[in-house]
Amino acid sequence: MKIYISGISGTGMGPLALMAQSAGMTVFGSDLSGGAVTNELVNRGIKVYLGEQNGEFLKARMKDEGVDWFVHTSALPADHPELLLAKKLKLKISKRDEFLNYLIKKMKLKLIAVAGTHGKTTTTAMIVWAAKQMGIPMSYSVGTTLPFAPAGCYDPKSEYFTYEADEYDRNFLSFRPWLAVIPTLSYDHPDIYKTEEEYREAFQQFESQSREVLKGDEIAAGLTLAGEARRYDATLAIDVIEKILPEQKAIQKLLGGKKRQHKKLIEIMNEFPGVGRRFEQVSEGYYSDYAHHPEEVAATVEIALEEADRRGLKGVVVVYEPHQNSRQVGLAGAYENAFKGVKKLYWLPTYLTRENKDVDIMKPADFISGLSNKKVAETAEMNEELEKQLIDWHKKGYLVLLMSAGPADAWIRKVVFAGNQESAATQFIHAPRSAAEEAGR
């Protein structure tokens with residue numbers, strides 16, 4: 001089968017492309033610009049076109065290879081040239097959920113769906129990490145890059161498929177999991193769910209569609225990962241592996257009883273190497289994280305404070321770029337104690353995507369005024385002055401943490417690696433994000 005993916009560079013669609021290819025399908029696709037997974041796609045021999053999605057690349061693929069299924073990101077507008085062309089060509093058209101359900105059914109996989117407001121990427125990656133270390137065959141799709149494996153993969157020996165199930169656009173409601181795993185639940189995506197009640201009702205429906213639901217309520221003893229949130233996610237991942245271990249007779253025989261199995265899993269989790277954009281160490285003392293919800297921000301700050309203490313650093317300096325004004329307007333009051341304990345906070349303008357034109361854009365000062373530690377905060381821009389200040393903080397022995405779902409991540413990487421070259425501020429260009437990235441996926 002030949003699959004064309006529109007929005008292929010996004011963190012939701014890219015891993016899906018990798019999984020489909022490893023399942024024996026021919027995959028190609030397009031996007032406005034590259035994303036975190038683009039290099040993986042190209043290195044795997046997947047044809048990827050980056051730039052104006054005017055339909056020419058789709059036409060070429062139809063002519064040269066043929067296309068059986070046009071899969072597109074939720075961010076694609078109804079009048080998108082590729083979507084219109086796909087309809088004209090009478091191709092099978094769907095979003096990723098229908099295609100993914102097809103793969104799950106075709107490969108006869110049991111779906112382990114990790115959903116929730118925060119922690120789903122890390123928890124999904126931890127399940128994959130533990131399965132690999134234990135020798136358990138596992139197919140999976142994770143919404144980020146992994147330092148230990150591809151972002152998505154089909155293993156013909158696997159019985160299970162672990163998937164990061166996104167609640168945006170109600171995508172996760174398209175699935176009926178064998179096991180649903182929910183790390184956290186707090187109101188988000190007000191552009192999709194108009195009230196908190198509506199948001200929670202969607203998760204209740206998700207749970208009702210699942211054969212079994214797993215929610216952690218404590219942290220396993222012996223975990224030494226920095227940050228309570230990561231230890232909590234690790235505990236859930238261990239719970240998942242212990243649920244499927246009874247089917248792995250050879251591994252059980254090798255490890256022995258449940259206590260030995262649990263001890264081994266604790267050891268494995270304490271060696272978890274992390275994932276891209278989730279408290280990712282960009283360079284020594286510099287970290288980047290995807291957090292853009294107040295609760296997620298607070299959890300990441302806690303991780304950073306613990307890590308700084310472990311490394312003997314003086315403290316934590318934060319650069320924060322909120323994501324989507326329509327989201328932040330509804331959550332602004334929840335930031336009061338989100339940055340508690342940081343030495344300095346630089347608040348960047350909100351990265352704007354899918355905005356309601358009738359809603360006024362909040363300014364950094366509007367957020368800062370509601371902080372309990374507002375004296376440590378100031379408004380900032382991605383410029384040479386901020387670059388110099390961050391380098392100075394780093395030299396003084398502070399951990400520098402960026403939290404952003406937008407272009408600030410690319411900027412901080414240029415700050416770190418600019419060296420003696422022209423300043424990162426003058427090198428950086430605000431490149432358009434891929435359609436899938438615009439969807440927050």
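Visitor: Is Tyr163 buried or exposed?
Guide: This is a predicted model, and in it Tyr163 is buried, with a relative accessible area of 2%. A residue counts as buried when that value is under 20%, so Tyr163 qualifies.

Visitor: And what about Phe161, buried or exposed?
Guide: Phe161 is buried, and its relative accessible area is 0%.

Visitor: How many aromatic pairs does a search of the whole structure find?
Guide: The search finds 28 aromatic pairs. One of them joins Phe161 and Tyr163, whose ring centres are 5.8 Å apart and whose planes meet at 20°, so the pair is stacked.

Visitor: Ok, and how are the rings of Trp347 and Phe367 arranged?
Guide: Their centres lie 5.0 Å apart with the planes at 15°, and planes under 30 degrees apart count as stacked, so this pair is stacked. Trp347 belongs to strand β15 (residues 344-347) and Phe367 to helix α13 (residues 364-368), so the pair ties together parts that are 20 residues apart in sequence.

Visitor: Are those two buried or exposed?
Guide: Trp347 is buried at a relative accessible area of 0%, and Phe367 is buried as well, at 3%.

Visitor: Which residues form an aromatic cluster?
Guide: One aromatic cluster is formed by Phe172, Tyr187, Tyr193, Tyr199, Phe203 and Phe206.

Visitor: Which ring does Lys92 lie over?
Guide: Lys92 lies over the face of Trp69, at 4.7 Å from the ring centre.

Visitor: Switching to strands, in what order do the five strands of the open sheet come?
Guide: The order is β3-β2-β1-β4-β5, and the pairing is parallel. At the edges stand β3 (47-50) and β5 (92-95), each with a single partner strand, so one side of each is left without a neighbour in the sheet. On average, and with direction ignored, neighbouring strands of this sheet are turned by 20° against each other.

Visitor: How many bridges join β2 to β3?
Guide: Strand β2 (residues 26-31) is joined to β3 by four bridges, and the two run parallel.

Visitor: Which strands does helix α3 lie across?
Guide: Helix α3 (residues 56-64) lies across β1 (2-6), β2, β3 and β4 (69-72), and runs at about 155° to β3. Helix α5 (residues 96-106), by comparison, lies across β1, β4 and β5, and runs at about 100° to β5.

Visitor: Which residues of α5 are buried?
Guide: The buried residues of α5 are Arg96, Asp97, Phe99, Leu100, Leu103 and Ile104. They cover an arc of only 165° around the axis, which puts them on the same side of α5.

Visitor: Why do residues three or four places apart in an α-helix point the same way?
Guide: An α-helix has 3.6 residues a turn, so residues with that spacing point the same way.

Visitor: What covers the buried residues of α5?
Guide: The cover includes β1, α1 (13-22), β4, β5, β6 (110-114) and β9 (160-164).

Visitor: Now α4, which residues are buried there?
Guide: In helix α4 (residues 81-88), the residues Glu82, Leu83, Leu85 and Ala86 are buried. Their arc around the axis is only 160°, which puts them on the same side of α4. What covers these buried residues includes β1, β2, α3, β4 and β5.

Visitor: Where is Lys108 found?
Guide: Lys108 is found in the loop between α5 and β6. Its phi is positive, about 55°, although Lys108 is not a glycine. Lys108 is also exposed, with a relative accessible area of 72%.

Visitor: And where is Arg170 found?
Guide: Arg170 is found in the loop between β9 and β10 (179-181), and although it is not a glycine, Arg170 has a positive phi of about 60°. At 30% relative accessibility, Arg170 counts as partly exposed.

Technical notes. Residues numbered from 1 in each chain as written. Predicted model: local features only at pLDDT ≥ 70, side-chain atom pairs only at ≥ 80, totals over all residues. Heavy atoms only, no water. Phe/Tyr/Trp six-rings, centres within 6.5 Å; stacked < 30°, edge-to-face > 60°. Buried < 20%, exposed > 50% of the residue type's maximum accessible area, 1.4 Å probe, protein only. Lys NZ or Arg CZ within 6 Å of the ring centre and 35° of its normal. Pairing = 2+ DSSP bridges. Axes fitted to C-alpha atoms, helices over the stretch in contact; angles between N-to-C directions. Contact = heavy atoms within 4.5 Å. Arc of directions from axis to C-beta.
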